[in-house]
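I opened this notebook to record what I looked up in the model. The entries follow below.

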Amino acid sequence: MHADATTEEVAAIVQRLESLGADVQVTTEGGRVVVNGSTEGRLHTEAPWEDLPGVERVVPVIPGGRRAGRRFRPEATVVEVGQVEIGGGRLTVIAGPCAVESREQLLDAAEAVKGAGAHILRGDAFKPRTSPYTFQGLGKAALELLAETREITGLPFVAEVLDPRDVELVAGYADMVRIGTRNMSNHALLREVGLQPKPVQLKRGRAATVDEWVDAAEHILSQGNRQIVLVERGVRGFDPSARNTLDITAVPVVKKRTHLPVMVDPSHASGRRDLVGPLAKAAIAAGADGVMIDVHPSPETALVDGPQALRPEEFHKLMTELRGVAAAVGLVVGGPSQS
Ligand code: PEP
Ligand code: MN
């Protein structure tokens, strides 16, 4: 309230907030009256508060999210994917092909990433392609191959879901479902994944601010699902040297603001095999809880994103380097939980 706000003006604000069902507290800070009221999102739409007599300023108390915020939950959330944990001081690595192309391709990739020490397999059944005339994914057949590969290797897997109508199908097979960059603001999809129990990877929209990204997580959280991992995958920049500009700053920003684990996808961020290693190391050094890396047994023949996929031996070497970075920043290298 203004320094010279009258008792009647304060009372009018309190009454108005209470009429919206808010829980109201009145305090005095630095000689002026502060009215605290939680209005469950109705505050912005139902009154031009700053025009009311005596009001000086409206301050959002939990910027960028309610349930996702550190104020809501100070301790870090640990997300469980099968037996693997993400967050809480460990480094978790997800690796595998961008898309499932065949049984042989998937099994070769899975054995390679497992041998190198990855914890979770990636491989998509539904691909969000820019052109409708390119490979769109094998759909349900890919999910069956992924489930078979899990049986053989023991690796849990994550797969993207593109359509609210496919959430039940994908979540029925996968250990974790992913919302890709193009769907970060698809509220119908966010709602559906929020209503089911499998953990969710939420990629940052390619032109989304951190606030918009956290708000997207809020849509999932509001439906009851608390198992969310945020994935920074680069934003649209102005420099064509790489496909996107990896926003390393977002990693510590989001980790400070929210209690959710944060991963980085250096493969989709750069679109370039030679940049994947340096960006992955930078991500871990900046505080990411893990990285997700494209690995393909023969990138030259890949149907999707070959130029960014690491060959098995390149991934093996990178894993050794990543363990060194993780140790330097005090992360335990993740894996199946002991419980
Ligand atoms: C992917 O991870 O396969 C993918 C399509 O990434 P993004 O949504 O970040 O483009
Ligand atoms: Mn891809």
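**Metal site and a helix end**

I began with histidine 268, which is buried at 9% relative accessibility; buried means under 20% relative accessible area, exposed over 50% and partly exposed in between, with a 1.4 Å probe and protein chains only. I noted that this is a predicted model, in which local features need pLDDT of at least 70, side-chain atom pairs count only at pLDDT 80 or more, and totals for chains, interfaces and linings use all residues. Residues are numbered from 1 along each chain as its sequence is written, chains are lettered from A and ligands numbered from 1 in the order in which they are written, and side-chain values use heavy atoms, without hydrogens and water.

I then looked up the manganese ion (ligand 2): its protein donors are Cys98 (SG), His268 (NE2) and Asp305 (OD), at 1.9 to 2.2 Å. Donors are N, O and S atoms within 2.8 Å of the metal (3.2 Å for Na, K and Ca); water is not among the atoms, so sites may look incomplete. Along the chain the donors follow the spacing C-x169-H-x36-D. Aspartate 305 is also buried, with a relative accessible area of 19%.

Next I turned to threonine 153, which lies in helix H4 (residues 140-153); helices are DSSP runs of H or I with at least four residues, numbered from the N terminus. Threonine 153 is buried, with a relative accessible area of 5%. Beyond its neighbours within four places in sequence, I found threonine 153 in contact (heavy atoms within 4.5 Å) with Ala110, Glu111 and Lys114.

Conventions: Helices (H or I, at least four residues) and strands (E, at least two) are DSSP runs, numbered from the N terminus.
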